[in-house]
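Here is a short briefing for a first look at this structure.

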Amino acid sequence: MPHEMLLRNEDISTSSNRTFGLVFTVVFILVGILPLLFGYSIQLWSLVLSGLFLLLALAKPKLLGPLNHWWTRFGLLLHSIVSPIILGVLFFGVVMPIGLFMRLIGHDPLRLKFDDNTKSYWIKRESTKESQSSSMINQF
């Protein structure tokens, strides 16, 4: 049995069909109007789609159900592709170089180096009034 089950049969909660329709209404309005900021003309096809989504979201949100379902599936597909790539880039681009650099300069924060002359690897803790008064009291 593997450490982590990557294929899970979990129920994914999606947005309501009405919310899906209203979000896409806003998206298509933005796509239709934003070209004005850059000196281009309004995208009429986008405004027509936004009107259609608004009409369906308010009048018959059930008709947006299949689109909502497939949009959610597409998001899950993107998640399964992009998430491992981003985590790999973070690990191999940030964590590993920092670890290699620390090894190069001889820094050992976990004290993993073996020492033949050491009798014990216990770290002696100096007893002070502050450490005694706050140590292991009311843990939970």
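Phe 92 has 53% relative accessibility, so Phe 92 counts as exposed. Phe 91 stands at 40%, and therefore counts as partly exposed. These values come from a predicted model.

**Aromatic pairs**

- A pair of aromatic rings is described by how far apart the centres are and by the angle of the planes.
- The whole structure holds nine aromatic pairs.
- One is formed by Phe 20 and Phe 53, with 6.3 Å centre to centre and 70° between the planes. This pair is edge-to-face.
- Phe 20 sits in helix 1 (residues 17-33), and Phe 53 sits in helix 2 (residues 44-59). The two are 33 residues apart, so their pair links distant parts of the chain.
- Phe 20 is buried, and Phe 53 is buried too.
- Phe 91 and Phe 92 also pair: their ring centres are 5.0 Å apart. Their planes meet at 85°, which is over 60, so this pair is edge-to-face.

**Ring cluster**

- Ring pairs join Phe 20, Phe 24, Phe 28, Phe 53, Trp 71 and Phe 74 into a cluster.

**Second largest pocket**

- The second largest pocket contains about 210 Å³ of space.
- Its lining is made up of Gly 99, Met 102, Arg 103, His 107, Asp 108, Pro 109, Leu 110, Leu 112 and Lys 113.
- Sorted by class, the lining of this pocket has four nonpolar, two polar and three charged residues.

Notes:
Residues are numbered from 1 along each chain as its sequence is written. This is a predicted model: local features need pLDDT of at least 70, side-chain atom pairs count only at pLDDT 80 or more; totals for chains, interfaces and linings use all residues. Side-chain values use heavy atoms; hydrogens and water are left out. On a 1 Å grid over the protein atoms alone, a cavity is a set of points where a 1.4 Å probe fits but cannot get out, and a pocket is an open set with protein on both sides within 12 Å along at least five of seven lines; lining residues have an atom within 4 Å of a point. Grid points are joined across faces, edges and corners, and a volume is the space filled by probe spheres set on the points. Ala, Val, Leu, Ile, Met, Phe, Trp, Tyr, Cys and Pro count as nonpolar, Asp, Glu, Lys and Arg as charged, and the others, Gly among them, as polar. Rings of Phe, Tyr and Trp (its six-membered ring) pair if their centres lie within 6.5 Å; planes under 30 degrees apart count as stacked, over 60 as edge-to-face and the rest as tilted. Helices (H or I, at least four residues) and strands (E, at least two) are DSSP runs, numbered from the N terminus. Buried means under 20% relative accessible area, exposed over 50%, partly exposed in between (1.4 Å probe, protein chains only).
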